[in-house]
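Hi everyone, thanks for making the time.

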Amino acid sequence: MKRTILALGIVMLAFYAITLLLTSTSVRSTNSPNRAAGQVMDISVPRVPQEFLGAAKGLKNPVQLTPENLARGKKIFTSTGACYTCHGVEGKGDGPAGVGLMPPPRNFTDPQFHGLRTDGELYWVVTHGSPGSSMFAYAPQIISEEDAWYAVTYVQTLSGSSQVNQ
């Protein structure tokens, strides 16, 4: 078991190192997570495939926007779910594992992004992955489907535009 974990860790480090080596300096040094190689990524393009978009938009978030639920969502985002590795601790899309990914990880602090995406769309991506990107399905493999909703609830507050129910 220890050998398996060690081997997996070595493979992950090797992948990260290769990604850094193969990624151009201009991509790595870009400050905006919605930029890559000098191009702005179009945040209006959904990451849910068109044939599933209607159903995804129709999904309703069962998690109330409360301080307790946000704390649970933040814990999932910053630890259990490892979302921060690509999206960054603050959700800006600047995490260390997200460097050079095309398309780059979403910037969840952008209020314009939240005006374009529903909770259901975000949940769909967490549970199905994002075709054409490096985002794979996290639920139920890494986190539970219930925890995915908590993470989505937390992500929706990162732009500072959501009001928490007391």
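When I say that two residues meet or touch, I mean contact, that is, heavy atoms within 4.5 Å. And please keep in mind that this is a predicted model.

With that in hand, let's start with a pair of helices. On the H3 side, Phe52, Leu53, Ala56 and Lys57 meet Gly120, Glu121 and Trp124 of H7.

How do the two helices sit against each other? Two packed helices are described by the angle between their axes and the distance between the axes. Here, the axes of H3, residues 50–58, and H7, residues 119–128, come within 6 Å and cross at roughly 120 degrees. That angle makes H3 oblique to H7. As for handedness, the crossing of H3 and H7 is right-handed.

Now to the nonpolar residues. In soluble globular proteins, nonpolar side chains tend to be buried together. In our model, the largest nonpolar core has 21 residues, and Phe77, Phe108 and Ile143 touch the most other members. Helices H4 (67–80), H7 and H8 (145–155) each supply at least two residues of this core. Which helix gives the most? That's H8, with seven residues.

Apart from this core lies another one, of five residues, including Val48, Leu53, Trp124 and Val125.

Last, a closer look at Phe108. Leaving out residues up to four places away in sequence, Phe108 touches Phe77, His87, Gly91, Phe113, His114, Leu122, Val155, Leu158 and Ser159. Thanks, everyone!

Conventions
Residues are numbered from 1 along each chain as its sequence is written. This is a predicted model: local features need pLDDT of at least 70, side-chain atom pairs count only at pLDDT 80 or more; totals for chains, interfaces and linings use all residues. Side-chain values use heavy atoms; hydrogens and water are left out. Axes are lines fitted to C-alpha atoms, for helices over the stretch in contact, and angles run from 0 to 180 degrees between N-to-C directions. Helices (H or I, at least four residues) and strands (E, at least two) are DSSP runs, numbered from the N terminus. Angles under 35 degrees count as roughly parallel, over 145 as roughly antiparallel, 65 to 115 as roughly perpendicular and the rest as oblique. A crossing is left-handed if the near helix is turned anticlockwise from the far one by less than a right angle, and right-handed if clockwise. A nonpolar core is a set of buried Ala, Val, Leu, Ile, Met, Phe, Trp, Tyr and Cys residues joined through side-chain atoms within 4.5 Å. Buried means under 20% relative accessible area, exposed over 50%, partly exposed in between (1.4 Å probe, protein chains only).
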